[in-house]
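I opened my notebook for a first look around a new structure. Here is what I looked up, in the order I went.

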Amino acid sequence: MEKRECKNTDLKLSVLGTGCWTFGGGSYWGKQDQKDVNEVVHASIDLGINYFDTAEAYNDGRSESSLGEAIREIQREKALIGSKVSPSNCYKDMLIKHCDNSLKRLQTDYIDIYMLHWPIHPHAIRHFTNRPNIIENPPEMDETLDALRILKKQGKIRYFGVSNFSSNRLKNLPEEEITVNELPYNLLCRAIEYETLPYCQENGIGVISYMALLQGILSGKYTSIEDIPAMQRRTRHFDSKKNSESRHGEAGAEKEFLLALDGIRAICKSSGLSMAEVAIQWIVQNPAITCTLAGARNIAQLEANVKAVDLKLSQDILAELDIATQRLMNKLGNHFDYYESVENDRTL
Ligand SMILES: NC(=O)c1ccc[n+]([C@@H]2O[C@H](COP(=O)([O-])OP(=O)(O)OC[C@H]3O[C@@H](n4cnc5c(N)ncnc54)[C@H](OP(=O)(O)O)[C@@H]3O)[C@@H](O)[C@H]2O)c1
């Protein structure tokens with residue numbers, strides 16, 4: 001599988017990475033069998049994937065533990081592991097301790113890319129803790145950077161990066177030290193194209209994109225909005241009033257969402273490609289994306305997603321996809337926090 005260089009590093013990431021959020025199972029994604037995890041991780045390596053993405057927050061650490069369990073059985077240097085610290089845990093000593101805990105769960109001596117999961121901002125921190133002293137006196141970015149530099153010096157992390165940082169937030173950071181920004185990106189979530197993706201490109205920051213299939217929706221397996229599970233229907237695409245799990249409070253963009261999906265379906269039909277293939281290849285073909293993440297719960301999903309990597313969409317298809325998804329992109333605007341209202345955007 002093609003590998004892309006992450007600027008300012010000696011890392012080369014496969015264009016498709018394995019997202020590990022479901023690993024360990026939990027309330028968001030439901031049960032996840034460790035046998036399937038082992039198979040997905042081992043098959044990923046066999047199929048040329050080298051990047052695995054997890055976070056301390058995923059399933060209360062069980063995603064890291066589950067990935068660690070699966071990776072134990074392969075040579076460590078064959079895999080690049082990315083993990084993330086929550087913004088509520090970024091006080092200097094606390095961050096160092098949390099990294100040590102991630103290392104223990106991952107059963108490894110080092111993390112290849114260690115990211116700050118969300119900006120250190122009350123809107124984001126509230127999502128990870130309800131402790132008022134942390135929300136009111138959040139960690140300073142300078143102490144977070146100090147802690148990350150210490151961890152790098154100690155060899156516990158090879159590189160550090162951020163996730164969900166808008167261009168506005170990146171401007172205040174030492175870009176030569178920030179290896180990557182992990183951002184949501186797919187045919188139905190194109191907000192990073194407005195500012196943040198060009199900013200990363202211009203400043204040599206690698207982009208790991210997540211949610212290639214919009215949490216399964218772009219696999220084409222749902223036939224109506226009502227079919228989509230409530231947890232996957234919480235984004236600003238959908239009317240918040242119709243879903244008790246939703247918290248953005250907005251009216252959604254269901255008309256534009258359905259039009260976009262119809263357009264993508266028509267392109268799949270005429271090209272003979274599956275929706276997952278079109279969705280994943282559309283991202284892979286964008287040279288501004290270093291690595292795109294897709295979650296796979298079993299080998300069948302993994303193989304279907306990997307199949308997309310070697311396809312090539314023609315310029316005509318790319319133009320048709322652009323037209324099909326443009327109205328939705330305009331409607332949702334320049335806000336890539338798809339789970340919160342524009343006022344509560346955690347990325348700004
Ligand atoms: N930095 C961040 O803030 C952030 C946020 C979100 C995600 N991420 C990372 O990005 C990774 C990928 O994102 P994601 O898992 O949220 O979304 P995704 O990759 O768009 O969707 C993955 C889900 O779609 C379904 N699926 C996958 N392949 C399929 C196929 N071929 N056919 C049918 N269904 C398929 C599976 O769930 P079902 O079988 O249950 O439908 C799978 O768990 C995560 O695992 C995580 O590592 C990072």
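Before judging any residue, I set my burial scale: with C-beta atoms placed from the backbone, a residue is buried if 20 or more other C-beta atoms lie within 10 Å of its own, exposed if 12 or fewer, and partly exposed in between. I45 has 18 C-beta neighbours inside 10 Å, so I45 counts as partly exposed.

I noted two points about the source. Residues are numbered from 1 along each chain as its sequence is written. The model is predicted: local features need pLDDT of at least 70 and side-chain atom pairs count only at pLDDT 80 or more, while totals for chains, interfaces and linings use all residues.

**Entry: I45**

I found I45 in helix α1; helices (H or I, at least four residues) and strands (E, at least two) are DSSP runs, numbered from the N terminus. I then looked up its contacts, where two residues are in contact if their C-beta atoms, placed from the backbone, lie within 7 Å. Setting aside residues up to four places away in sequence, I45 touches I74, K78 and A79. I also checked I45 against E195: they are 150 residues apart in sequence and 34 Å apart in space, C-alpha to C-alpha.

**Entry: helix α2**

Is R62 buried, exposed or partly exposed? I counted 17 other C-beta atoms within 10 Å, so R62 is partly exposed. R62 sits in helix α2, and beyond its neighbours within four places in sequence it is in contact with G24, G25 and G26. R62 and R234 are 172 residues apart in sequence and 23 Å apart in space, C-alpha to C-alpha.

Next I took α2 as a whole. Seven of its 10 residues are buried, so α2 is largely enclosed by the rest of the structure. The buried ones are S63, E64, S65, S66, L67, A70 and I71. Their cover includes α1 (34-46), β4 (51-53), β5 (80-85) and α3.

How do α2 and α3 pack? Helix α2 (residues 62-71) meets helix α3 (residues 92-106) at an angle of about 40 degrees, with their axes 7 Å apart. I used axes that are lines fitted to C-alpha atoms, for helices over the stretch in contact, and angles that run from 0 to 180 degrees between N-to-C directions. Angles under 35 degrees count as roughly parallel, over 145 as roughly antiparallel, 65 to 115 as roughly perpendicular and the rest as oblique. The two helices are therefore oblique to each other. From α2 come E64, S65, L67 and G68, and from α3 come S102, R105 and L106.

**Entry: two positive phi angles**

Most residues other than glycine have a negative phi. D60, not a glycine, has a positive phi of about 50 degrees. D60 belongs to the loop between β4 and α2 and is exposed, with 12 other C-beta atoms within 10 Å. Q215 is not a glycine either, and its phi is positive at about 55 degrees. I placed Q215 in the loop between β9 (206-210) and α9 (254-271); Q215 is buried, with 22 other C-beta atoms within 10 Å.

**Entry: the core and α10**

Of its 92 residues, Y114, L218, A279 and I280 touch the most other members. Helix α10 (residues 275-284) gives the largest share, eight residues.

In α10, 10 of the 10 residues are buried, so the helix is largely enclosed by the rest of the structure. What covers them includes β3 (16-19), β9, α9, β10, α11 and α12 (315-332).

**Entry: the ligand**

Which residues are closest to the ligand? I found G19, W21, Y210, S219 and G295, among 28 residues that surround the ligand; a residue is near a molecule if its C-beta atom, placed from the backbone, lies within 6 Å of it. β10 (291-295) and α11 (299-307) each supply at least two residues of this shell.

Definitions and conventions. Core = buried A, V, L, I, M, F, W, Y, C linked by C-beta atoms within 7 Å.
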